[in-house]
Amino acid sequence: MSSKILILSCGTGGGHNSAAKAIKESLEEKGLNVDFVEYLDIVNPRIRKEVNNLYIRTTKGNGKIFKVVYKLGEMYQKTNLKSPVYALNFLNKKRLYQYIVENEYKYIITTHLFAAQALTAIKKEHDIKFMQVATDYVCIPFWEETNPDYFIVPHKELEKDFIEKGINQEKLLPYGIPTAKAYREKYNKEDVKNNLGLDNSKQYVLILTGSMGFGNVTEMLKELLKNIKNVTFIVSTGHNSKLQKVLEEKYKNFDNVIILPFTDKISEYMKSSEIILTKPGGLTTTEIATLRKPFIHTMPIPGCENYNAQFFENRKMSISCDSIDEVIKNTKELLNNKELQEEMIKNQEKYISQDTCDKISEIVIKEIK
């Protein structure tokens with residue numbers, strides 16, 4: 001098919017981009033012509049880094065600043081007034097529309113609110129078709145300001161939340177959060193461990209800190225090592241090179257700690273692990289559940305991550321922790337309780353779809369015909 005498709009995202013956290021790339025991968029497998037572009041690179045490349053860095057600064061420490069910002073957003077959501085965020089993205093509509101026209105895109109998909117708001121402003125004046133994809137298990141503030149043709153949401157049981165916030169029910173498609181093929185294909189755990197150079201006789205626990213290396217990992221790892229023996233901990237530090245260096249120096253003589261810088265093989269490390277500890281990002285959480293892995297949610301960045309953790313814990317797909325003490329206690333329990341592990345996996349199979357990308361592709365193919 002020659003019809004060109006544009007997928008827009010934003011790098012405020014790695015999840016939006018990962019979801020966008022998963023959709024691109026799926027569409028290209030079906031022979032479609034797809035471009036993935038960061039929205040801010042189109043409208044103003046100079047501010048992209050500033051916006052991403054601002055997001056990182058608000059989530060530093062225990063995320064107090066982000067919590068305040070998110071709460072303000074929730075309060076504003078109740079006023080039915082257009083948000084300042086919409087106003088900013090409204091200003092970008094001319095440049096974005098020009099880019100769409102010049103590159104002859106027939107259909108647009110976005111995994112980020114900012115681009116969805118700009119596309120909504122364009123749609124009021126021009127005939128464009130677009131789909132948006134939620135990457136958290138809650139209707140975040142200002143989604144109600146958007147007007148896509150379709151809105152992909154994580155689960156049918158969340159539709160009520162989106163409808164109550166003002167989203168048209170007819171647009172909602174509860175297909176799930178899209179994940180890359182690497183998380184959906186069958187695998188042999190021993191082969192994966194061999195490919196990574198890991199020891200098949202050892203048990204591994206993977207600690208994920210998000211693409212930017214968030215959370216008090218240093219203290220958590222110290223307590224885990226003190227309290228849990230006969231396990232090797234793999235700590236993924238994402239793009240946080242400062243955290244990587246600190247941990248590498250501290251644990252250079254430990255044979256039960258592996259410090260992992262940013263890698264494109266994170267799915268293989270997930271597959272190699274007995275259990276996983278992760279902050280409750282919507283995309284990473286979905287990737288783990290798509291792999292059918294027992295896991296624990298560590299302390300969330302306040303805001304949408306609280307809702308992500310609640311959704312999973314309420315359906316017994318994960319264990320959610322609010323302190324390092326809880327992480328230690330639950331890690332011990334989960335490692336030693338095979339029945340609990342099996343229960344989590346069964347519930348992940350019940351609630352988390354592995355064919356989200358295929359369903360999205362079907363809609364897109366139908367729309368561009």
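A quick word on the model before I go on. This is a predicted model, in which local features need pLDDT of at least 70 and side-chain atom pairs count only at pLDDT 80 or more, while totals for chains, interfaces and linings use all residues. Residues are numbered from 1 along each chain as its sequence is written, and side-chain values use heavy atoms, with hydrogens and water left out.

Now, back to the sheet. Helices (H or I, at least four residues) and strands (E, at least two) are DSSP runs, numbered from the N terminus. Two strands pair if DSSP finds at least two bridges between them. On that basis, 6 strands make an open sheet with parallel pairing, and the order is S9-S8-S7-S10-S11-S12. At the edges sit strand S9 (257-260) and strand S12 (319-320), each pairing on one side only. As a reminder, strands of a sheet pair through backbone hydrogen bonds, either parallel or antiparallel.

Let's stay with strand S8, residues 232-236. With S9, S8 pairs in the parallel sense over 4 bridges, and Phe233 has Val257 as its bridge partner in S9. With strand S7 (residues 204-208), S8 also pairs in the parallel sense, over 5 bridges; here Leu208 has Ser236 as its bridge partner in S8.

How many residues of S8 are buried? Taking buried as under 20% relative accessible area, exposed as over 50% and partly exposed as in between (1.4 Å probe, protein chains only), 5 of its 5 residues are buried. Both faces are covered, with Thr232, Ile234 and Ser236 on one side and Phe233 and Val235 on the other.

S8, helix H11 (residues 241-250) and S9 make a right-handed β-α-β unit. Right-handed here means that, with the strands pointing away from the viewer, the path from the first strand over the helix to the second runs clockwise.

In the loop between H11 and S9 you will find Asp255. Is Asp255 buried or exposed? Asp255 counts as exposed, at 67% relative accessibility. Contact means heavy atoms within 4.5 Å; leaving aside its neighbours within four places in sequence, Asp255 is in contact with Lys202 and Thr232. Asp255 and Phe233 are 22 residues apart in sequence, and their C-alpha atoms are 9.6 Å apart in space.

Next, the rings. Rings of Phe, Tyr and Trp (its six-membered ring) pair if their centres lie within 6.5 Å; planes under 30 degrees apart count as stacked, over 60 as edge-to-face and the rest as tilted. Searching the whole structure gives 8 aromatic pairs. One of them is Tyr251 with Phe254, which is edge-to-face at 4.9 Å centre to centre and 80° between the planes. Tyr251 is buried, with a relative accessible area of 5%, whereas Phe254 is partly exposed at 39%. Elsewhere, ring pairs link Tyr137, Phe295, Phe311 and Phe312 into a cluster.

Phe311 comes up again with a charge. A charge sits over a ring if NZ of Lys or CZ of Arg is within 6 Å of the ring centre and within 35 degrees of the ring normal. The charged end of Arg315 sits over the ring of Phe311, 3.8 Å from its centre. Lys4 lies over the face of Tyr105, at 4.9 Å from the ring centre.

That takes us to strand S1 (4-9), one of the elements that the buried residues of helix H17 pack against. S1 is largely enclosed by the rest of the structure, because 5 of its 6 residues are buried. S1 runs parallel to strand S2 (residues 33-38), joined by 6 bridges, and Leu8 stands opposite Val37 in S2. S1 also pairs with S3 in the parallel sense over 5 bridges, where Leu6 has Ile108 as its bridge partner.

As for H17 itself, the buried residues include Cys357, Ile360 and Val364. Their packing partners also include helix H1 (15-29) and strand S4 (130-133).

Last stop: helix H13, residues 282-291. Here 9 of the 10 residues are buried, so H13 is largely enclosed by the rest of the structure. Among those buried are Leu283, Glu287 and Leu291. Just after H13, Arg292 takes a positive phi of about 60°. Thanks, everyone!
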